[in-house]
Amino acid sequence: MARFALNRILWTLPVFWLVITVTFVLIQVTPGSPWDAFNAANGGRLSPDLRPTWEREHGLDKPVAQQYVNYIVNSARFQFGESYTQQGQTVSQRIMEGFPYSARIGIYALVLAAVIGVPLGVIAALKQNTMVDYVSLFFATVGATVPSFVIGFFMLAFFGVRLNWVPILWTDWRNYILPVVVLGIGTSAFIARLTRASILEITRQDYVRTARAKGLPERTVTIRHILRNGLIPVVTIMGPALAALITGTIIIENVFGVPGMGYLYIQSIGARDYPVIMGTTLFYTFFIVLGNMLVDLTYGVLDPRIKAS
Amino acid sequence: MTVAKTEQLGALRAEAAQSKPRGLWSDAWRRLKKNKAALAGVAYIAVLALIAIFAKFLAPHDPNFIPADALANTPPVWQEGADRRFLLGTDSLSRDILSRLIYGAQISLVVGFIPVALELLLGATVGIMAGWLGGRWDNVLMRMVDVVYAFPSLLFFIVVSSALGSTPFGRMLSGLVLLFVAFAVTGWVTMARLVRGQVLTLKNKEFIEAARSVGVPTQRIIWRHVIPNSLAPIIVSVTFGIPGYILAEAALSYLGLGIHPPAASWGNMVREFSTLISLNAVFVLMPAALIALTMLAFTFLGDGLRDALDPQMTK
């Protein structure tokens, strides 16, 4: 197990290296120098005399290869430099400003998704090929297919504009409701599909038949044998689902004007604030790769056959 | 009695002689025809494709024409204050929304199909090579695939479009070319994994071994046996890939990164109209609804094809 885990953890390194390299190369090929971007972000009013000093401060006077090595080392230490647009603020500070909002929305959405998705999937599986199954399957397909930002605009139009229940612009806690619901619906559909498939597989297992043959009451069979085993894969995807939700908020935060990490990300793209763009990209990547790694590791623990392949 | 039986048998024989042998594809088609959601998806996609192809003739106005005498943001005809010349109203530059939605269909379909074609070409080549050659080749290629697979694609699209969006390359065809390349660069790995898996299972099947033992050249085995026999899962994967790219374009254009204005795409129309939501929500809902319907159509078709082509997978 330890070897499998170590192997899996080591394999995330090339991914990080690739992301760091791609972002570095992209900054290099972007038209205009970092100074131009910095100047533009400050309204283009900076004197060219400042340029050599500024470039020396940011290590831009060194050869490209040296810059690349520094970039990797700094990225590994989560040091992404200073924001171009917010004077004196580091990229990490910028990220941490928005992260709590994104994390809160992600966690609430996951809880909502589990509360809706798990029962829906269980009921659909236990009542397979009945009306209940078809309705929940249809809901799951639609919920997983319709893009969250489309659902978001429909909800904003109805609850925000028509009914005026929630504020359109970011004001207070009521603004959390719609983004959480929108993200929760998409994820609940995904969870419902997974739960249904997993439970259906378990109900066909021999040990379930044995339990029934022993004459155990149906309730006991369902709870102790089917649910307990059928929900394992559902539990294991919660970690990656949270990682996906926190990054999935990039678009939703812009729909609802949430001042989170995704909103700052897009703002910094508009302002060509490259250190923030690259830092946030790596931060997001870290979450996604970590989530994927966790699911592999938990599956490895639960199902030893996976390690072999 | 016996006469009747012989007659019956004769009739059965005649029937059997007439009916053609049922292959995988005709079987699949029969199953697909029974799936109403999938058929609705096909019909919707066909209509959308026709609209996109004949956009020039169907659009009542030039999508980028700014009429001198028209007002900006006039609502659709069913709402008060509409201008009858513009069925679905005008945008903030007084351009005809209906025409822009029609031209947007072109972008959505092209951005769905071209990257999938590129990804098929690249992914299938790598997949066949890895699967067929095996050994060290397989190891090296698949490790590469694993790393690219773990690369978060939406972030990659965002970073690439923000860095290269203003270069001459990024501006080609209003940004379409950059999207094709960005989508294909990350997308081929899914196809490579799928094709490799297919090749690995087929490689040791008796009929391939038979072909090899009678000296059929490798190239011929791949074209005549391996590719046709892996087509079913590839078709399903392609059908699910298309809406993925349509959504990615819409999302990027919504963020102001995908298709450059003034070209009309549903995503950048959502972006444009999102600021008008408190004024009149119907504007933003029109392109948004089209995105949602298109996604649903392709997903229903994909689900239907999967069930039709792989009977074992269905419950």
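Tutor: Start with B:Glu272, which is found in helix H12 of chain B, residues 266–274. Keep in mind that this is a predicted model. Is B:Glu272 buried, exposed or something in between? Its relative accessibility is 22%, so B:Glu272 counts as partly exposed. The cut-off for buried is under 20%.

Now look at its contacts. Leaving aside residues up to four places away in sequence, B:Glu272 touches B:Asp91, B:Ser92 and B:Arg95. For a sense of distance, take B:Ala68. B:Glu272 and B:Ala68 are 204 residues apart in sequence. In space, their C-alpha atoms are 21 Å apart.

Stay in chain B and turn to the aromatic rings. Over all chains, the structure holds 21 aromatic pairs. One of them joins B:Phe54 and B:Phe57, with ring centres 6.4 Å apart. Their planes meet at 45°, so this pair is tilted. How open are the two partners? B:Phe54 has 40% relative accessibility and counts as partly exposed. B:Phe57 is exposed, at 68%; the cut-off for exposed is over 50%.

Another pair is B:Phe113 with B:Phe298. Here the centres are 6.3 Å apart and the planes stand at 65°, an edge-to-face arrangement. This pair links distant parts of the chain, 185 residues apart. B:Phe113 sits in helix H5 of chain B, residues 97–133. B:Phe298 sits in helix H13 of chain B, residues 282–309. B:Phe113 is partly exposed, at 42% relative accessibility. B:Phe298 is buried, at 2%.

Rings also gather in a group. B:Phe156, B:Phe157, B:Phe183 and B:Tyr245 form one aromatic cluster. B:Arg193 lies over the face of B:Tyr149, 3.9 Å from the ring centre.

The C-alpha trace of chain A spans about 85 × 55 × 25 Å along its principal axes. Of the 309 residues in chain A, 46% are buried. Take the contacts in chain A between residues at least 6 apart in sequence: 71% of them join residues at least 24 apart.

Pick out a loop residue next. A:Gly32 lies between H2 and H3 of chain A. A:Gly32 is partly exposed, with a relative accessible area of 45%. Its C-alpha atom is 37 Å from that of A:Ile168, a residue 136 places away along the chain.

H5 of chain A gives the most, with five residues. By class, the lining has 13 nonpolar, 13 polar and three charged residues.

Notes:
Residues numbered from 1 in each chain as written. Chains lettered and ligands numbered in written order. Predicted model: local features only at pLDDT ≥ 70, side-chain atom pairs only at ≥ 80, totals over all residues. Heavy atoms only, no water. Helix = DSSP H or I, 4+ residues; strand = E, 2+ residues; numbered from the N terminus. Nonpolar A, V, L, I, M, F, W, Y, C, P; charged D, E, K, R; others polar. Phe/Tyr/Trp six-rings, centres within 6.5 Å; stacked < 30°, edge-to-face > 60°. Buried < 20%, exposed > 50% of the residue type's maximum accessible area, 1.4 Å probe, protein only. Lys NZ or Arg CZ within 6 Å of the ring centre and 35° of its normal. Contact = heavy atoms within 4.5 Å.
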